[in-house]
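Hi there,

Here is the structure I promised to pass on. Have a look at it first, and then read on for what turned up.

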Amino acid sequence: MTVTIVSFAAYTLAVVLVGLYSARYARRSNEDFFLAGRSLGPWVAAMSASASSESGWVTLGLVGWAYSNGVQAYWIIPGCLLGYLFNWYVIAGRMAERSRAIGALTLPDFFAFSFRERWPLLRIVSVLVILVAMVLYVAAQFAAAGKAFAATFHGTTFNITYHQGIWLGASIVLIYTVSGGFRAVCWTDFLQALLMVGALVVFPVYLLIAHGGYAYVAGLLSQVAPAGGRAADLLRFLPDLSGPALVGFLLGSGALGINFGYPGQPHVLVRFMGLRDQRAARLAGAVSFVWGLLIYWGAVTVGLFARAMAEQHESWTARLSDGELSLVVAAMNLLPGALSGLVLAAVLAAICSTADSQLVVAASSAANDLYARLIRRRQAGAHPWLNRAVVAGLGLMAVWLVYDQQVQVYKYVLDYGWAILGAAFGPQVILILLWRRASHAGCLVGMLTGFAVAILWRYYRLNELAGIEVYNLPLAFVAALLANVILSLLVPKRQATVS
């Protein structure tokens, strides 16, 4: 355990030092704090954007999803990678050029400047959407940190509790994010993405070699009947292809439904806005695709092995009261101390790489889009103390949201933060970049529609009323897209000169 703690502490210190070092560059301007001076190359952009997308919902949530649902969890791979390809090869280059041309530093800037709006309706609505969704999203990351620390240090000299783990994870993220802004986030996310490859590729490969490969998993899971299911259901790759079940599968959060969220994530889109040029997007897309393929495969494979070992009644699996702890607990019991410490660090890396990005995006919304643009009405100039104060304040609010409850990270992230952002922003970004007739009215109504449907569908559990499991994101996305198109046709955009 001592070796585990030392290796974990060494990684954490390295991340904080990178963040503090980058702070020397973040004092120059808001453009540097929020977009790293629009200087991101393909490797840093790809790894940073990918790591910021795949948070604790992968290292904890997806592993737990595979633990509970079996090999069908592999369907998450095409579900996510389709989103990767669309983002990098359709959205990224266009987003970089458009945001540079109109001088947008943030996503609300992008919406407002694209239509030269006189009344800041799009700006205010987009800021409110970001603040609501990001606090929920970051809260899920801190809950994941609490789970991971509690599972790792339970019964040791440190004996960190869930509540203490939340504070520890939040403190690590806030220290370097408050100091260095977007540049610190990108540099640290690059390191974190590499570490995630080690944990979610090397570890499952080791499990395959050491325990007889997939034959070992199949042999143990072939007789398992999950709750409400039949024997061998965990090994059934193809879902029920009849009627409502097929619709629920295709539009569910465990398969293709998740890809609707990728074009609307501000913490990913801001990487596109910070790209050095359009050529960087093409190479970044290839790097990101390979990284995602490896990470998703590894997360699902670890979950399957943990479930198989639990069915074999391995002694350490008694601690798996929550399948989302599979990666952490398995690494602690199956790997040497130094390597298990790196796996814990990778779990924290996934959490940090999303939480830090979202905090910077939320800070930019409050400091730049509300204070600088609407209150002071200044287009330039840095607001370092306000930027940092907002990051700290939102971080503390996120801690408060999950402090007294343990959430299922997988569902919490995808049903709330991911779905709200994907539905409210994704259709609007796509239409602005690809359809010349998209109008201010259409964008505003589409944004409000996506936001409302995503929340109401989940809050009132309308999927249960419909009798099938339909993920709120695809439904809200389509509703927002249709609302935008219809209003854009009815209320065309005005032709105006630049004010």
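Helix H13 (residues 326-334) is largely enclosed by the rest of the structure, because seven of its nine residues are buried. Among them are Ser326, Val328, Ala331 and Leu334. Please keep in mind that this is a predicted model.

Another buried spot is Asn87, which has a relative accessible area of 2%. Asn87 sits in helix H5 (residues 76-102), and leaving aside residues up to four places away in sequence, it touches Ala92, Tyr262, Pro263, Val268 and Phe272.

Now to the charged pairs: the count comes to seven salt bridges. In one of them, Asp109 pairs with Arg123, with the closest N and O atoms 2.8 Å apart. Asp109 belongs to helix H6 (residues 107-115) and Arg123 to helix H7 (residues 121-153), so this pair ties together parts that are 14 residues apart in sequence.

Asp415 is buried, at 5% relative accessible area.

Val491 lies in the segment after helix H19 (472-490) and is partly exposed, with a relative accessible area of 38%.

Enjoy exploring!

Terms used:
Residues numbered from 1 in each chain as written. Predicted model: local features only at pLDDT ≥ 70, side-chain atom pairs only at ≥ 80, totals over all residues. Heavy atoms only, no water. Helix = DSSP H or I, 4+ residues; strand = E, 2+ residues; numbered from the N terminus. Buried < 20%, exposed > 50% of the residue type's maximum accessible area, 1.4 Å probe, protein only. Contact = heavy atoms within 4.5 Å. Salt bridge = Lys/Arg side-chain N within 4 Å of Asp/Glu carboxyl O.
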